Amino acid sequence: MKKSLVWVLIIVIILILGITAFFVCGKKDDNLNNNNNQSTNISGENITISLEEYPSVYTDLNGNSVVSSIAESFLGSDASKLKNNLSGDNAYANLIDGNVQIIYAPLMNEDNHKYADEKGVEINLIQLTNHAIVFIVNSENPNVGLAKEELIDIYSGKIKKWNEVGGAARDIVVYQRGANSDVQKDLANVMMEEEKIISANKNLIKENIEDLIKEIADGENAKSAIGFAYLDEVQKYLADNQNIKLLLVDGLDPIEENISNNTYPVKVEGYLAIKESDMTNANVQKWLDAAFSSKGKEAIRKAGFVAVERISEE
């Protein structure tokens with residue numbers, strides 16, 4: 001009798017352990033599946049957007065390459081069939097008037113805010129990209145970097161010699177890119193604050209990046225020169241030309257990490273603007289998920305910009 005009782009107890013214990021193990025393993029598998037699903041969604045590999053689902057996206061931020069690259073990444077050859085994607089002026093007016101669902105643009109200015117208020121429209125701003133402006137000097141220039149304030153003083157004409165900023169006793173030869181070039185306008189907007197960029201002689205204006213690199217690398221004023229460009233403009237020349245280098249700004253190297261996390265100080269910020277009433281639209285949300293996925297970030301990188309993390313939709 002006692003033996004029978006012992007065996008019954010042993011069988012009960014085995015059954016309890018078996019059932020417990022079954023549920024624990026099941027839970028682990030569920031967690032694993034959930035984690036795998038999260039990873040897939042973040043990567044963007046499983047995000048698909050049809051032409052019918054694709055929202056209307058508009059840009060006026062020299063950013064048509066970003067919008068186009070995202071479209072091509074998720075639509076492939078069908079991206080060429082998009083009829084609702086526009087680029088040009090008055091991006092915010094088109095958004096506020098309901099002509100488009102998403103715009104990629106700079107931050108709203110005073111006129112944009114005023115027009116939105118007049119129309120009773122609330123707008124959500126979500127930063128998508130940074131586009132770094134970098135400063136190029138000859139590789140023999142002893143300066144490793146400059147403070148942003150020193151760069152402002154150089155480009156406004158207050159600082160005229162390299163030894164005023166810890167360099168050699170030479171005049172600073174300041175190259176520019178032309179009044180109508182995008183990078184010149186962006187430098188004025190994002191760095192110069194209340195100061196104006198000094199006027200330049202024709203021979204110091206190099207609209208073409210190749211001409212600028214040639215002057216700083218091997219020109220008559222090479223060792224005294226400084227110029228600027230978008231990072232993606234100059235990257236291919238850095239690998240091939242040992243006679244140029246990029247300056248640190250405020251001690252920060254213009255690498256992707258510093259640009260992405262907003263610590264590198266001279267950059268053009270690109271924002272997605274969406275009306276509050278469209279934030280619950282399924283197609284808009286799907287496009288946002290796509291743009292901020294790893295696949296979307298790679299598309300942004302191909303366009304020459306740096307993606308930022310998705311932080312806020314308020």
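Me: Of the 314 residues of the protein chain, what percentage counts as buried?
Reply: Buried means under 20% relative accessible area, with exposed over 50% and partly exposed in between (1.4 Å probe, protein chains only). Here 44% of the residues count as buried. Keep in mind that this is a predicted model, where local features need pLDDT of at least 70, side-chain atom pairs count only at pLDDT 80 or more, and totals for chains, interfaces and linings use all residues. Residues are numbered from 1 along each chain as its sequence is written, and side-chain values use heavy atoms, leaving out hydrogens and water.

Me: Which helices and strands does the chain have, and how many?
Reply: They're DSSP runs numbered from the N terminus: helices are H or I, at least four residues, and strands are E, at least two. This chain has 11 helices and 11 strands.

Me: Is Asn258 buried or exposed, and what is Asn258 in contact with?
Reply: Asn258 lies in helix 9 (residues 256–260) and, at 13% relative accessibility, counts as buried. Contact means heavy atoms within 4.5 Å. Beyond its neighbours within four places in sequence, Asn258 touches Leu252, Asp253, Thr263 and Tyr264.

Me: At what angle do helix 10 and helix 11 pack?
Reply: Two packed helices are described by the angle between their axes and the distance between the axes. Axes are lines fitted to C-alpha atoms over the stretch in contact, and angles run from 0 to 180 degrees between N-to-C directions. Helix 10 (residues 282–292) meets helix 11 (residues 294–302) at about 65°, with axes 4 Å apart. Ala290, Ala291 and Phe292 of helix 10 make the contact with Ser294, Gly296, Lys297 and Ile300 of helix 11.
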